[in-house]
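Colleague: I'd like to learn how to read strand pairing and helix packing. Could you walk me through it?

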Amino acid sequence: MSFIHDDFLLSTKTARRLYHTFAAPEPILDYHNHLPPQDIAGNRQFKNLFEIWLEGDHYKWRAMRANGVPERLITGDAAPLEKFQAWAATVPHTLRNPLFHWTHLELKRCFGIDELLNESSATRIWEEASRQLATPEFATHGILKKFRVTALCTTDDPTDDLRHHKAIAASDLATRVLPAFRPDKALAVHQPENFNRWVNQLAAASNVDIRNLPGFLDALRRRVEYFHANGCRLSDHGLEQAYADFCTEKTAAEIFDSARLGTAATPASHRQFASFIMLFVGRLYAEKGWTMQLHLGPLRNNNTRLLRTLGPDTGFDSIADFPQAQPLSAFLDRLDTENALPKTILYNNNPADNYAFAAMTGNFQDGTIPGKIQLGSGWWFLDQKEGMEWQLNALSNLGLLSRFVGMVTDSRSFMSFPRHEYFRRTLCNLLGRDVENGELPDDDALIGPMIRNICHANAKQYLALPA
Ligand SMILES: [Zn+2]
């Protein structure tokens, strides 16, 4: 039997029945990822496994470094095939790391390859994948069709002109490809050089002469309108913690002016300004009926030496232990007090925060929208079997699993859609075990619809993406 077989991860008879009957048939709605929209607009055809699989994947890079592979073969100037061989030689060393599962699940689901990847199978697998990648079914549109992706949301800067999204919308692609609004750079008054460069881009994109804070806020509002007109219904924020050092508009304006003149905000002023802007955009999202995603908790750029040579987002971020509950509560409460709390999805990076975040969601459910405040799927260091189980268990124990909007790939690779399958198998495995232990009724009419909803329908209803 091949390693990835029909009942992979499904350890009970009930789990197998639940998965194959209710989870597997559901299509995919991937509402948070980092796929480049230009690759979809241009119906990109990838040449080889390096381009589609290795090029931007810092999970694989970290494993290769841990395996003693020199940087030349990871992000350096080695040829693509040489880098792939270095990855292939690393794979047998990833046993029990989720990379071992993902690698073989992705090879199987994308190319039908059953062979385990290692040094001796590398060339065969490279050639077989390259052969298939050259066919039209493996251009990006074909891949989206193959994995039955009904809709996906990319991650986009507010200054983006969304030309690729417009081109996709005008094409005959059946998958809805929508932008998501990620305004992290709007908070960066502590880095005036970056901030000013970005404010100037924002001025150009929004056609607003940004002379002061009101101009800046007007420009942000116009970009929200523009994104909305182009189908955007979600925002995304990557933060260490929620910001809850509230200040007056006058104080925010002074911090803004000072950053515009090139003075870096102090940590305290930065937090005040960020709090002000987060409230401002939060209110806009509520007004528009958007969903706000908060990705909280990473400790970034830990390695100074490699940050200098490789830059950010190259695999040197990890889990932080910032206090989360109190500022998150204060931020959500402030919006709620103003009747301006949007639908919100909370993602924690530190597994120690699972229960605190799950409990937090319950404070702001208000009887308007089922599961209005969501505990997001296992994220980054937690998007593996154990992390998914922790998330599902925390949510089950403190909230309503039945209202969960489900999995996202959060990926930069078009080969990552099987992560939804991985999640669904994990979900059905948990439920199947509970049924067989007598902790849940053996009642498909009760459990089946819940599984279907978590796989697709809940997200569809909750996000209310434009048709
Ligand atoms: Zn993300």
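Modeller: Two strands pair if DSSP finds at least two bridges between them; strands (E, at least two residues) and helices (H or I, at least four) are DSSP runs, numbered from the N terminus. This is a predicted model, where local features need pLDDT of at least 70, side-chain atom pairs count only at pLDDT 80 or more, and totals for chains, interfaces and linings use all residues. Residues are numbered from 1 along each chain as its sequence is written, and side-chain values use heavy atoms, with hydrogens and water left out.

Colleague: What is the strand order in the open sheet of three strands?

Modeller: The order is β1-β2-β3, with parallel pairing. β1 (28–30) and β3 (176–178) stand at the edges with a single partner strand each, so one side of each has no neighbour in the sheet. From one strand to the next, the twist averages 5° (angles run from 0 to 180 degrees between N-to-C directions, and axes are lines fitted to C-alpha atoms, for helices over the stretch in contact).

Colleague: How many bridges join β2 and β3?

Modeller: Three, with β2 spanning residues 149–153. Alanine 151 has arginine 176 of β3 as its bridge partner.

Colleague: And how do I describe helix packing?

Modeller: Two packed helices are described by the angle between their axes and the distance between the axes. Here α16 (residues 354–363) and α17 (residues 385–398) pack at about 40°, with axes 9 Å apart. They are therefore oblique to each other (under 35 degrees is roughly parallel, over 145 roughly antiparallel, 65 to 115 roughly perpendicular, the rest oblique).

Colleague: Which residues of α16 make the contact?

Modeller: Asn354, Tyr355, Ala358 and Ala359, meeting α17 residues that include Trp390 and Leu398; contact means heavy atoms within 4.5 Å.
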